Amino acid sequence: MGSVSLKIGDGTARFKRASFFSSAVNILMLFSVLTTNLFALYAFTSSPKEHQNHLVHNPHKNISLISEHVSLILREIASSQKKLAKMEKELLGYETIDISRPNIASELKLFLQHHQLPLGKDSRTGITEMVASVGHSCEKSADLLSQYMAYKVSGPCPDDWSLGQKLILRGCEPLPRRRCFAKSVPKLGLYRFPDSLWKPVSEKILTWSGLGCKNFECLNKKKLSRDCFGCFNITSGFETQKFVKARGKNDFLIDDVLDLSSGGIRIGFDIGGGSGTFAARMAGRNVTVITNTLNADAPFSEFIAARGLFPLYLSLDHRFPFYDNVFDIIHASSGLDGGEKPEKLEFLMFDIDRILRAGGLLWLDNFYCANDEKKTALTRLIERFGYKKLKWVVGEKVDTAGSGKSEVYLSAVLQKPARV
């Protein structure tokens, strides 16, 4: 079949004409229309002559019969439309949220509408329409999602970031885009980089809505995670010594780890990086690090950004939005814990492996092992990838901020092999 070319700059975007499947849909639609009309013609012309004469003298019965025929025709049309919709879903290979259900926000309906490509099917990708990117689990939280999309277009967005995060943690990720203006918070008093890395952050430039704590004093008294106890105090306390002074054998020094790299370290990814101290240490060594965050009980994202660093707001269930083999180092701690299901950790580890370049370093920093069984399972999983063990330490630490009991942790620096 022929094609249409569209010149864009120096390149040419080619779109093929309708495919066999789209032609089949068109033929089915034409067939449906023809059969419906033929059926109507038959219905009005097939009555016996005596019955037709009888209808002339009974206009009320005549109108009733016509109404029955019209209703039957409409039912046939509706049935045909359902069959066409089913065929379309089978041909496209995907489904989306049912926007015909009641109480769906109009903005959500508009966002989820499919948009046909202007020149038909794209010969390179095979797609015929653009589909809105929204998490499949949003279907299970459609009421909350509709609430999230209920806003005034071109007006201020509701103060509902906590609602959006609740949807993300329910698997509704990515969230749909919105046509409203996010609340602006004046960032007065920010320090210039690199001074900003270790200067105090003003509480006034952070958003405290939706959080239990409303200041740093409250946050620093809470154990927000195994890796974040007092982690918002970047002018004194352990955060100022982290990665440069060890408190135990499981704490590796950042310069020692960097010396293990044979190919140089330029860009990295920190998974569950707390307040961004690892990224700050690396920035002081001319290494750019992206920190994965969620605002779990604290304004992590805003705080990291205020330090002049790069927070990436997404959950660990989200496929990392990076191309393959791009990072020189990946730093991860207890945030990797996949819970009771080992497959969850496997999916995560394979995605980490995907974005780490050959020869790159994977730094497992104080990974909490609840028991020997979990430690053994993690060890076997790591060995499946064939990484070279540059450093490997299993030790115990006392949970001073929690139960006070001794806990087992694994710290390791692993080098990804080149695979053919």
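Two strands are taken to pair if DSSP finds at least two bridges between them. In the predicted model, strand β11 (residues 327-332) and strand β12 (residues 356-369) pair in the parallel sense, with five bridges between them. Within this pairing, F327 lies opposite L356 in β12. Strand β11 is also joined to strand β8 (residues 267-271), to which it runs parallel, and four bridges connect the two. Here I271 is the residue that stands opposite A332 in β11.

For the protein as a whole, buried residues make up 38% of the 420 residues.

A nonpolar patch on the surface is formed by I66, V70, L74 and I77, which together have about 310 Å² of accessible area. Of these residues, I66 is located in helix α3 (residues 59-92). The relative accessibility of I66 is 34%, and the residue therefore counts as partly exposed, a class that lies between the limits of 20% for buried and 50% for exposed.

Overall, the secondary structure consists of twelve helices and 14 strands. Among contacts in the protein with a separation of 6 or more, 65% are between residues 24 or more positions apart. The accessible surface of the protein amounts to about 24,800 Å², and carbon and sulfur atoms account for 56% of this surface.

Conventions. Residues are numbered from 1 along each chain as its sequence is written. This is a predicted model: local features need pLDDT of at least 70, side-chain atom pairs count only at pLDDT 80 or more; totals for chains, interfaces and linings use all residues. Side-chain values use heavy atoms; hydrogens and water are left out. Patches are made of residues with over 30% relative accessible area and no salt bridge: like charges are joined within 9 Å, nonpolar side chains (Val, Leu, Ile, Met, Phe, Trp, Tyr) within 5 Å. Accessible areas come from the Shrake-Rupley method with a 1.4 Å probe; for residues, only the protein chains shown count as cover. A salt bridge is a side-chain nitrogen of Lys or Arg within 4 Å of a carboxyl oxygen of Asp or Glu. Buried means under 20% relative accessible area, exposed over 50%, partly exposed in between (1.4 Å probe, protein chains only). Contact means heavy atoms within 4.5 Å.
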